[in-house]
Amino acid sequence: MELTINGTKHQVDIEPDTPLLWVLRDELGMTGTKYGCGLAQCGACTVLVDGQATRSCVTPVESVAGTEIMTIEAVADDPIGQKIVEAWVSNQVAQCGYCQSGQVMGATALLKQTPKPSDDDIAGAMVNLCRCGTYNAIAAAVRDAAQA
């Protein structure tokens with residue numbers, strides 16, 4: 001099966017129902033995407049599939065063949081992703097950092113779809129869990145990135 005990840009084509013010999021998360025981490029060594037709950041609830045595994053925030057822990061790899069997949073490893077190469085990363089750093093969002101790759105990917109998807117989000121847009125899109133409770137800093141970083 002051929003996958004396009006971060007602009008590079010990869011051939012993987014894997015069962016079609018294998019979750020994308022395990023292909024990224026175990027087959028391709030892209031460990032920036034994290035396992036959290038395995039139920040698509042926490043968002044630690046969020047990647048972009050054709051620009052849409054997607055929970056990779058429950059996404060069968062066969063369903064994303066022929067799409068453009070972006071992981072945290074390439075987010076800073078994207079102009080919007082770079083703004084998000086810069087805003088994350090300037091707002092000192094991360095504490096433990098475990099959820100942050102998924103948070104950054106979710107924020108990047110939001111600004112790709114809604115370049116000037118309202119506070120309600122941000123609240124509606126940024127639904128990933130953060131056990132450290134950095135939600136206010138996350139919202140501030142998204143607002144800053146939208147203004148950049």
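Contact here means heavy atoms within 4.5 Å of each other. The model in these views is predicted, with local features needing pLDDT of at least 70, side-chain atom pairs counting only at pLDDT 80 or more, and totals for chains, interfaces and linings using all residues. Residues are numbered from 1 along each chain as its sequence is written, and side-chain values use heavy atoms, with hydrogens and water left out.

View 1. Pro 60 sits in the loop between strand S4 (52–55) and strand S5; helices (H or I, at least four residues) and strands (E, at least two) are DSSP runs, numbered from the N terminus. Once neighbours within four places in sequence are set aside, Pro 60 is in contact with Pro 16, Asp 17 and Thr 18. Look also for Pro 19: its C-alpha lies 4.5 Å from that of Pro 60, although the two are 41 residues apart in sequence. The relative accessible area of Pro 60 is 28%, so this residue counts as partly exposed, a class between buried (under 20%) and exposed (over 50%), using a 1.4 Å probe and protein chains only.

**View 2. Helix H1 and what covers it.** Helix H1 spans residues 20–27, and its buried residues are Leu 20, Leu 21, Val 23 and Leu 24. Residues three or four places apart in an α-helix point the same way, because each turn takes 3.6 residues. The cover over the buried residues of H1 includes strands S1 (2–5), S3 (46–49) and S5 (68–70). Just after H1, find Gly 29, which has a positive phi of about 70°.

**View 3. The largest pocket.** This pocket has a volume of about 190 Å³. A pocket is an open set of points on a 1 Å grid over the protein atoms alone, where a 1.4 Å probe fits, with protein on both sides within 12 Å along at least five of seven lines; lining residues have an atom within 4 Å of a point. The volume is the space filled by probe spheres set on the points, which are joined across faces, edges and corners. Among the lining residues you will find Tyr 35, Cys 37, Cys 42, Cys 96, Tyr 98, Cys 99, Cys 130, Arg 131 and Cys 132.

**View 4. The chain around these close-ups.** To get your bearings, the chain has 5 helices and 5 strands, in the order β-β-α-β-β-β-α-α-α-α from the N terminus. Its C-alpha trace spans about 40 × 30 × 25 Å along the principal axes. Of the 148 residues, 45% are buried.
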